[in-house]
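Me: I have a protein model open and would like to work through it step by step. Shall we begin?

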Amino acid sequence: MGYVDGFVASVPTARRADFVAHAQAMGQMFKEHGAISVVDCWGDDVPEGKLTSFPMAVQCKPDETVVFSWINWPSRQTRDEAWQKMMADPRMQNAAEPPFDGKRLIYGGFAVVSTV
């Protein structure tokens, strides 16, 4: 089975175009380094929770929107090698700051155990 990197972040709503440009540039690099697919989503129906929620998890402010992204990899090995290559890629060294607060970014790697 494959491997998935997942991300949740809070982006200033006024910076949607900046987020899209950032996501497309990063997605292209991930694909060049072996990703099967990269999906970036802009929150549209993301309710506030009482105990837990995406907005609560990333401390979403009133002028921000939650984004949800994932990268599909054929294997963890491909993913690990790709991340090493990405960190050495000059485009990463010269990239502008992402249009979100990285301290509030949620990230995790997941082994795929089921697909339908």
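Me: How many bridges join β1 to strand β4?

Reply: Keep in mind that this is a predicted model. Strand β4 covers residues 106-111 and runs antiparallel to β1. Within this pairing, G6 stands opposite G108 in β4. The number of bridges that join β1 to β4 is six.

Me: Which residue in β3 does V8 stand opposite?

Reply: Strand β3 spans residues 64-73. β1 pairs with β3 in the antiparallel sense, over ten bridges. In β3, the residue opposite V8 is F68.

Me: In what pattern do the helices and strands follow along the sequence?

Reply: The protein has four helices and four strands. Read along the sequence, the pattern is β-α-β-α-β-α-α-β.

Me: What is the radius of gyration, and why does it agree with a compact globule?

Reply: The protein has 116 residues, so a compact globule would have a radius near 13 Å. The C-alpha atoms fill a box of roughly 40 × 35 × 20 Å along the principal axes. The radius of gyration agrees with the globule value: the protein has 15 Å.

Me: How far apart do the centres of the positive and negative side chains lie?

Reply: There are 11 positive side chains and 14 negative ones.

Note on methods. Residues numbered from 1 in each chain as written. Predicted model: local features only at pLDDT ≥ 70, side-chain atom pairs only at ≥ 80, totals over all residues. Heavy atoms only, no water. Helix = DSSP H or I, 4+ residues; strand = E, 2+ residues; numbered from the N terminus. Rg over C-alpha atoms; globule rule 2.2 N^0.38 Å. Lys, Arg positive; Asp, Glu negative; His and termini not counted. Charge placed at Lys NZ, Arg CZ, Asp CG, Glu CD. Pairing = 2+ DSSP bridges.
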